[in-house]
Amino acid sequence: MANRIPPEASGRRPEVRVLLENGEYWLNNKGDLAILDVTVRRFAERWPDARIGVLTSAPALLRAYESRVDPICYQRGGNWPRHRRRPGPAGRLGPEIAGAPMNGWDAAVALPGRIARRARRTIGRRGSGTANGESVSRAVVPGRPALARDGGHVPNAVDTASVVVAIGGGYMTDIDRFQTERTLELLEYATERGIPTAMTGQGLGPLTEPDLLERAARVLPRVDLIALREDVRGPELLRYLGVPSDRVVVTGDDAVELGYSTRRAELGTDLGVCLRVAEYSPVGAAIQDSVGRVVRDAAAGYGGGLVPLIVSEHDAEDRRSTMPLLDGYPGAVRPLGRFAGACALSRQVGRCRIIVTGAYHVAVFALSQGISVVGLSTSQYYDDKFAGLNSMFGTGIETVRLDRDGMEDRLRDAIRSMWAGAPESRRALLARAEDQIRASRAVFDRIARFVDGELTDGSDLESGPSAPPTSPR
């Protein structure tokens, strides 16, 4: 690794520029927003005067969620804004008020570009026989790698970044091929230019496609530090890819800190529920009906409310699959709005005694507050996610496969068991959350030391961690 910002002869420190690969450019997922919130806050605390750039396709909405950052729109060249952005009205109002108009503005601004890219792809197919018009996109910025699906390129902002960080998420996987390729492209470009690179809170895999594995094996061993959110699959995959062990550390999910900070003094009394139905998490209509019947019966039996916990607003997928589970239940709690922030969702989780969820970050928010979880899965992808959480927290989570015989009975038994054992599990869960926060913060300290020039090799992964937060933000 080469340090690209040596001290100037005058002794004045150069401006620090942190470029964040966000992983979810349209800001539709509250789990990803939680990770972004924690990441931005940590870097801003370390370098109050730093410029923090976030790759995004929704710059106006981003400012409503994170008023301290510079939106970097790679479809438009991905430049740093000419002037440092100051908090504006959207940031002061917050996303619940400003989110809808800001989202509308982003959609309107993006529409002409989408039309133009669609036209270029059509011309590219007719003129060259290419599948996606990539050759047309590449011609726009000669020599700079193209990210073909959106017509964008490796952002110009990377060339003057002090450090490039791919923040936490489960996007390095076969089922999110485009984001995997986009992230690897960005990291490769940065490492080739001696820019410090890091990956934080990563959930890697399943990654089995030969070309993706080949690309990852070329890029990831050159990344200066990779922090994993679990110790079940990720370390083994990185060893297979040839990543040196002294560049790998297991921390837990960075969103654990946000969840822990919103915890209540006592366990709640409600039952929370989220059902994820997507291409990578298939759940048939009959199974959905069965899950609804079980959670309504359980909530009624315990005399609690039934709380919908909506994480992903991509095509309203969690809303469409979760809200029908509450139909006809008299104690159904009203869902949060489309643009509620991650803290609001985590506080909603906090009113529950246990959670039944098919969405990973609902489980993260719950376990971080000492709340037990029944995980719902129909795929290896979610088996791995919940197995990783089980390993990191050690207790308080049981996974039920929805696509196997006897599912209703197993789900009822799991809810009954988690409900009864919730008080006993709480202290151990909170202790594990504190451990993960310390480990995660230590990684951010090391990334800062890359930039500060205090560390130039892969040793000393055990740097002094900060104490976990003690009160809600």
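I'll start with two helices: the axes of H1 (residues 30-46) and H15 (residues 407-452) come within 11 Å and cross at roughly 50°. Axes here are lines fitted to C-alpha atoms, for helices over the stretch in contact, with angles from 0 to 180 degrees between N-to-C directions.

A word on the source. This is a predicted model, where local features need pLDDT of at least 70 and side-chain atom pairs count only at pLDDT 80 or more, while totals for chains, interfaces and linings use all residues. Residues are numbered from 1 along each chain as its sequence is written, and side-chain values use heavy atoms, leaving out hydrogens and water. Helices (H or I, at least four residues) and strands (E, at least two) are DSSP runs, numbered from the N terminus.

Which residues of H1 meet H15? They are Thr39, Arg42, Phe43 and Arg46, where contact means heavy atoms within 4.5 Å. On the H15 side, the partners include Ile437, Arg441, Phe444 and Asp452.

Arg42 and Arg441 come up again, linked with Asp37, Arg41, Asp254 and Glu257 in a network of salt bridges. A salt bridge is a side-chain nitrogen of Lys or Arg within 4 Å of a carboxyl oxygen of Asp or Glu. By this rule the count comes to 31 salt bridges.

Arg233 and Asp384 meet through their side chains at 3.1 Å, N to O, in a salt bridge. Arg233 lies in the loop between strand S9 (225-228) and helix H8 (234-240), and Asp384 in helix H14 (residues 380-393), so this pair ties together parts 151 residues apart in sequence. Is Asp384 buried or exposed? At 13% relative accessibility, Asp384 counts as buried, whereas Arg233, at 38%, is partly exposed. Buried means under 20% relative accessible area, exposed over 50%, and partly exposed in between, with a 1.4 Å probe and protein chains only.

Next, the side chains of Asp270 and Arg351 form a salt bridge at 2.8 Å, N to O. Asp270 is in strand S11 (residues 270-274) and Arg351 in the loop between helix H12 (342-349) and strand S13 (352-357), 81 residues apart. Asp270 is buried at 7%; Arg351 is partly exposed at 27%.

Glu408 lies in H15 and Arg293 in helix H10 (residues 285-302), so parts 115 residues apart in sequence are tied together.
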